[in-house]
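Thanks for coming. I will walk through one structure, a region at a time, and take questions at the end.

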Amino acid sequence: MSGWEGFLHGLSVAVQPDVLIYCVFGVVLGTFVGVLPGIGAMATISLLLPITYYLSPEAALVMLAGVYYGSQYGGAVASILLRLPGTPQSAVTTLDGYPLAQQGRAGVALFTSMISSFFGSFIGIFVLILLSGVLASAATAFGAADYAAMMILGLVAASTIGAKHPAKGLAMVVLGLILGCVGTDVNSGVQRFTFGQTELMDGVNLVALAMGLFGVAEVIANIHVAERTGVPPRVALRDLLPSRAELRRIPFPALRGASLGSFFGALPGTGSTISSFLAYAAERRISRHPERFGNGAIEGVAGPEAANNAAAISAFVPTLALGIPGDPIMALMLGALVIHGVQPGPLMLEARPDMFWGLIASFGIGNLLLLILNLPLIGIWVSMLRIPFRWLYPAILIFVCLGVYSVRGSSFDIFAVALIGAIGYALSLARFNPALLLLGFVLGPLIETNLRRALLISRGDAMVFLQRPIAAAFVIATGLLIVMALVQTIRRKSRGAQEAA
Amino acid sequence: MIISRRAALLGAAAVSLCKPALAQDAAWPSQPQHVFVGFPAGSSPDLLARIVTEPLAAKLGQPIVIENKPGAGGVIGIQQMLNAKDRDNTFATTINGPLTTAPRLTPNLGYDVAKDIAPVVLIATSPLVLVVAADFPADDLAGFIAAAGKEPEALSYGSVGKGSGAHLTAELFSDRAGVEMLHIPFTSYAEVTTAIIGHEIDSGFMAPSAAMQYVKAGKLKILGITSQKPFAQAPGVPVMAGQAGLPADFRAELWNAFIAPAGTDAGVIATLNSDINAILADEAVQKRLLDMGWQAAGGTPEELQQRIADDTKIWGAVLDRIDAKN
Amino acid sequence: MKRDIPDLAGGLLLSVIGVFVLVYASTQYDIGLLRRMGPGFFPALLGGVLAVLGLMIALPAIARKGAPIRIAWKEALAVLSAILVFAMGLERAGLVPVTLASVLIASIAAPDRRIGWRLALALIVTALSVVVFHFGLKMTVPLWPGQ
C-alpha cells in the first residue's frame with residue numbers, strides 16, 4: 001500500500017463514529033489537561049489506560065494520541081499566559097510567548113502558537129505519508145556515535161539562545177547536564193548523587209524540575225508585582241489577532257520548524273525537544289533582528305511550536321514501525337497497544353494497516369478539531385489573565401503539586417518541587433535562563449550513555465565519531481557553528497576597537 | 001532458577017482442596033484491596049498484574065485498586081506496600097529482581113526479603129532467547145560459542161543495564177560456555193534490538209515476545225532459549241541446556257510473583273494462593289499471559305519462598321563474578 | 001562601589017557547586033578510562049567546566065554595576081511552606097484538608113488583608129481539585145484522613 005492509498009484507507013477508519021467520538025474526547029481532554037499546570041499528557045494517559053480495555057484498539061489509540069497532541073495545544077496556553085511549561089518543548093515557547101503576553105499581546109501569541117501548531121502537524125502528516133518507509137529505516141541507521149554527535153550539536157546550537165551572556169547560558173546547560181547525572185548509572189549500576197534516597201534512583205523527576213524552575217519561581221516573583229500592576233485592561237477582539245505584518249512573520253518560521261520537527265521527531269530519544277530548541281536557535285540566527293528574540297518575537301513562538309507538533313507526529317513512526325518508543329509517553333502508547341494484543345514492530349504496517357493509517361488520519365482530523373476548538377477559546381484564555389493574581393496563584397500551586405504527584409504517586413516529588421522552586425527563584429533573581437537548564441537535563445543522560453556506549457563498542461577508538469558518516473556530518477556541523485560564533489565575536493570586537501580608535 | 005518446573009496445577013488443586021477457614025476475620029475481604037506494582041501503567045509487569053487481579057477481584061467480591069509506584073527497578077513498589085499501614089488488604093506483584101538481586105544492587109533497600117516479605121504465589125515465568133542479526137555468520141549455538149571464544153570480547157552483547165535479567169543471563173551463559181563477551185548496557189530492549197539490527201552489537205538475551213516479530217520480519221535470528229523445555233511463544237527454538245557444551249541444568253528465567261507484607265494473616269495468604277492458582281489454571285488467562293510472553297506458573301507459597309532463595313544464590317554468584325572482573 | 005551582586009553571587013555559587021561535584025565524583029566514583037568510562041568521568045568533567053564558567057561569570061561582575069534586586073522573602077516563604085505542607089499531608093491527612101490548609105498558607109503572601117476571600121478561595125480550589133483529580137482522573141489518593 002502506498003502512502004496516499006494508506007492515508008485514504010485510514011480516513012475511512014478514522015471517520016467511523018466510535019473512533020471519531022474518542023478522537024474528539026481525546027483532543028478536548030488533552031487541551032484541558034495541557035492548560036492545567038503540572039498535569040500533562042503523561043499522567044493523563046497513564047490514568048486513562050485502564051479505561052482503554054473497554055474500547056476497540058483503534059479507538060483507544062486514537063483517543064490517547066489525541067490527549068498527547070491536544071495537550072501540546074493546551075500546554076502552549078499555560079506557557080504563554082503564566083510561564084508554566086510542562087515539558088522542555090513548551091519551555092521554549094515561554095521564551096518569547098510570555099514576554100508577548102506581558103506586553104498585552106497574549107492573544108497574538110496564542111494565535112501564533114495555535115496556527116503554527118496546526119501547520120506543523122499537517123506538514124508532519126504530509127512528510128509521514130511521503131516518507132513513512134524511509135523514516136523507519138533512519139532510526140536503525142543511527143548508532144550510538146551518531147546520537148551522541150547529534151545531541152552535542154543540539155546543545156551547542158541551543159546554548160546560543162542566551163547569547164547576551166554566553167557564559168551564563170552555558171553554565172545553565174552544564175548545571176542541567178549535572179542534574180541529569182543524578183540516579184542509577186546504566187553502565188555500572190552505581191547510584192550517583194542520590195545520597196541514599198531510593199526515590200532518586202531513577203533521577204530527578206522531569207515534571208517536578210520543570211514546575212519548580214518555572215511555575216513556583218514565577219509565582220513567588222509575581223505575587224507582589226502582579227498586585228502592583230493590577231488587572232490588564234479588557235482588550236477588543238481585533239487586538240487578539242495579529243496584524244497583517246505580524247501574520248506575515250508566521251509561515252516561514254513555521255515551515256522551517258516543521259521540517260526540523262519532522263526529521264528529528266522520527267529519531268527515538270528526545271527528537272521533539274532537540275527540534276524545538278534548534279528551531280528557536282535557527283530563527284534567531286537567520287533573523288535580521290536577533291535582539292527581538294526573548295522580548296516577544298513572533299518567530300520565536302511560531303518556529304518551535306510548529307517543530308514540536310511536527311515532531312509529535314513523526315515520533316509515532318519509530319514507535320509503531322519499529323516498536324521503539326521515543327519517550328515515556330510513547331512507551332505508554334506501546335503499552336496500550338500490547339493490552340489489545342497488537343505488537344508494534346516491523347510487521348505492523350503490513351499486519352495492521354487499519355490501525356497505523358487510521359491513527360495517521362485521525363491526526364489530521366484531531367488537529368483540525370483542535371484549531372476549531374481553540375481559536376474561539378483564545379478570548380477566554382486571555383480574559384483569564386483578568387482574574388486577580390491572588391486568586392490564581394494558590395490554585396496554580398495546588399495543581400502543580402497534584403500534577404507532579406500524579407506522575408508516579410510520589411510525595412517525595414512534591415518536596416522536590418519546593419526545593420527546586422527555591423533554587424529556580426534564586427536563578428531568576430540572578431537572571432539565569434532555566435530553559436537551558438531543562439535542555440541540559442533532558443539531553444545529558446542521552447549524551448553520556450551514547451558517548452560511553454560508542455566508545456565501548458569501538459573498543460575505545462575515538463575516531464568512530466569521524467568514521468561513521470552520520471556522526472561525522474554532525475561533528476563537522478558542530479565545528480562550523482563554533483567557528484562561526486568565534487568569527488562573529490572577533491569581528492564585533494575588532495569593529496568595536498576600530499570605532500574606539 | 002534451577003529448580004525443576006513443578007506441577008503447578010497439582011499444587012493448586014491441593015491448596016484449594018484444603019482451603020483453611022480464616023482464623024481472625026471471617027468477613028475478609030471487607031473493603032477494597034490494594035495491589036502495588038513497582039512499574040508504570042502499561043508496562044509488562046503492570047499488564048500482568050491487571051490480568052490476574054481482574055478475575056481475583058471478582059472472586060473476592062471486592063474491587064482491587066492497582067497502585068502504580070514505579071521506580072528503582074520495582075523496589076519502590078515493595079517499599080510502598082510495606083509502608084502502607086493496612087495489613088491484610090495491601091499486597092504487591094513484583095518481578096524477580098527486587099526479591100533476589102536488589103539486596104546486592106540497591107543501597108538503602110529498606111527491607112529484608114526474608115523478614116519483611118510473605119510470599120503468596122508465583123504468577124508466571126518467562127525464558128529468554130539468545131538473539132543475533134539475521135546475517136550473523138553462525139546459525140547455531142555451537143557456532144556462536146566458537147565465534148565468541150576466538151579471543152576475549154570477540155563478540156558483544158546488549159543488556160538493559162547492570163544487574164538486569166539480560167545482563168545476568170548473558171554472564172551466566174558466558175561463564176558456563178567458557179567465553180568472555182563485551183557487555184554494552186542499554187536502557188530498553190527496543191534499543192538493544194535496534195542495535196543488533198543495525199550491527200552495532202552482536203547479540204543479546206531478551207524475552208521471546210520482544211524478538212519474535214523481528215525474526216518473522218527476517219531481521220533477527222534466535223540461537224536458543226534459556227528454559228528447560230521448548231516455549232510455545234518461540235516455536236522451533238532449541239533449548240540451550242545440554243547443547244554445545246552447556247551443562248544440562250543451564251536455565252535462566254524471569255518471573256513475576258504475588259507477595260504480601262510479612263505478618264499478613266495466614267488465612268488471607270491461603271485464600272489468595274488458592275484463588276490465584278485457580279485463575280492461572282484458566283486457559284483464557286494462560287493465553288492472555290502467553291500472548292505477552294509469560295508462561296502461567298502457580299504453586300504454593302513455600303515453593304515461591306524456595307525459588308527466591310535459590311535465585312538469590314545463583315544470581316549472587318554471577319554478581320560475584322561480574323564484580324571480580326571489574 | 002561598583003558590583004553586580006547577582007552575577008557575582010550566582011557565579012561564585014555555581015563555582016562552588018562545580019568544585020563540589022568535581023571532588024565528590026572523583027573521590028566517590030570510578031573515573032575509568034576513555035575506553036571504559038566509569039560513572040565518575042562525566043560528572044567530574046562537568047563539575048570542572050561549571051567551576052570555570054562560574055568564575056567567568058563572577059570575575060567580570062566585580063568591576064561592573066548591576067541592577068538592584070529585591071528578594072520577595074515573605075512570598076517565597078508562604079509559597080514554599082504551602083508546598084511543603086501539601087507534600088507532608090497529602091497521603092496522611094487526605095486531599096481535602098491538605099488542600100484547604102495549603103491554599104490558606106499560600107494566600108498569606110497576598111497583599112489583600114481581608115479573610116473572607118481566602119476562605120472562599122480555599123473552598124473553590126478544594127472542590128476543583130477533588131472534581132478534577134478524584135472524580136475526573138480517578139487518581140488514587142485519600143480524600144480524608146484515615147482512608
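In which loop does Ala72(B) lie? Ala72(B) sits between β2 and α3 (75–83) of chain B. Before going on, please keep in mind that this is a predicted model. Ala72(B) has a positive phi of about 55°, although it is not a glycine. Most residues other than glycine have a negative phi. Ala72(B) is also buried, with a relative accessible area of 6%.

There is another residue of this kind in chain B. Glu153(B) has a phi near 60°, again a positive value in a residue other than glycine. You will find Glu153(B) in the loop between α7 (141–148) and β6 of chain B. Is Glu153(B) buried or partly exposed? Glu153(B) is partly exposed, at a relative accessible area of 22%. The cut-off for buried is under 20%, so Glu153(B), at 22%, does not count as buried.

Now the strands on either side of those loops. Start with β2(B), residues 64–68, where four of the five residues are buried. Strand β1 (residues 33–37) of chain B runs parallel to β2(B), and five bridges join them. If you want a pair to look for on the screen, Phe36(B) stands opposite Glu67(B) in β2(B). Between these strands the chain passes through helix α2 (residues 44–60), and β1(B), α2(B) and β2(B) together make a right-handed β-α-β unit.

How many strands form the open sheet, and in what order? Six do, and the order in chain B is β2-β1-β3-β10-β4-β11. The pairing in this sheet is mixed. As a reminder, strands of a sheet pair through backbone hydrogen bonds, either parallel or antiparallel. The edges are β2 and β11 (295–296) of chain B, each of which pairs on one side only.

Next, β6 and β7 of chain B. Strand β6(B), residues 156–159, and β7(B) run parallel, with four bridges between them. Here the pair to find is Ser159(B), which stands opposite Pro185(B) in β7(B). With helix α8 (residues 165–177) of chain B, β6(B) and β7(B) make a right-handed β-α-β unit. Strand β7(B), residues 182–185, is covered on both faces. Leu182(B) and Ile184(B) are buried on one side, and His183(B) and Pro185(B) are buried on the other.

Still in chain B, look at Leu304(B), which is in helix α13 (residues 301–325). Leu304(B) is buried, with a relative accessible area of 2%. What does Leu304(B) touch, leaving out residues up to four places away in sequence? The list is Pro119(B), Val120(B), Val121(B), Leu122(B), Trp255(B), Ala257(B) and Phe258(B). For a sense of how far apart these stretches are along the chain, Leu304(B) and Ile123(B) are separated by 181 residues in sequence, but their C-alpha atoms are 9.6 Å apart in space.

The largest has 237 residues, and Tyr393(A) and Phe258(B) have the most contacts inside it. Helix α4 (residues 57–82) of chain A gives the most to this core, with 16 residues. Apart from it lies another core, of 56 residues, including Leu130(B), Met181(B), Ile222(B) and Leu246(B).

Chain A has 501 residues, and 64% of them are buried. The chain contains 23 helices and two strands. Of its contacts between residues at least 6 apart in sequence, 80% join residues at least 24 apart.

Helix α4 of chain C, residues 95–107, has 13 residues and reaches 18 Å from its first C-alpha to its last, close to the 18 Å expected. Its buried residues are Leu95(C), Val96(C), Val98(C), Thr99(C), Ser102(C), Val103(C), Ala106(C) and Ser107(C). They cover an arc of only 170° around the axis, so they are on the same side of α4(C). What do they pack against? Their partners are α19 (389–408) of chain A, along with α3 (73–93) and α5 (116–136) of chain C.

Tyr393(A) shows the contact in detail: beyond four places in sequence, its contacts include Ala106(C) and Ser107(C), as well as Val79(C). Ser411(A), in helix α20 (residues 411–429) of chain A, is buried at 13% relative accessible area. Leaving aside neighbours within four places, Ser411(A) is in contact with Tyr405(A), Ala87(C) and Glu91(C).

That is the tour. Questions, please.

Note on methods:
Residues are numbered from 1 along each chain as its sequence is written. Chains are lettered from A and ligands numbered from 1 in the order in which they are written. This is a predicted model: local features need pLDDT of at least 70, side-chain atom pairs count only at pLDDT 80 or more; totals for chains, interfaces and linings use all residues. Side-chain values use heavy atoms; hydrogens and water are left out. The expected span of a helix is 1.5 Å times one less than its number of residues. Buried means under 20% relative accessible area, exposed over 50%, partly exposed in between (1.4 Å probe, protein chains only). The arc is that of the directions from the helix axis to the C-beta atoms. Contact means heavy atoms within 4.5 Å. Two strands pair if DSSP finds at least two bridges between them. A crossover is right-handed if, with the strands pointing away from the viewer, the path from the first strand over the helix to the second runs clockwise. A nonpolar core is a set of buried Ala, Val, Leu, Ile, Met, Phe, Trp, Tyr and Cys residues joined through side-chain atoms within 4.5 Å.
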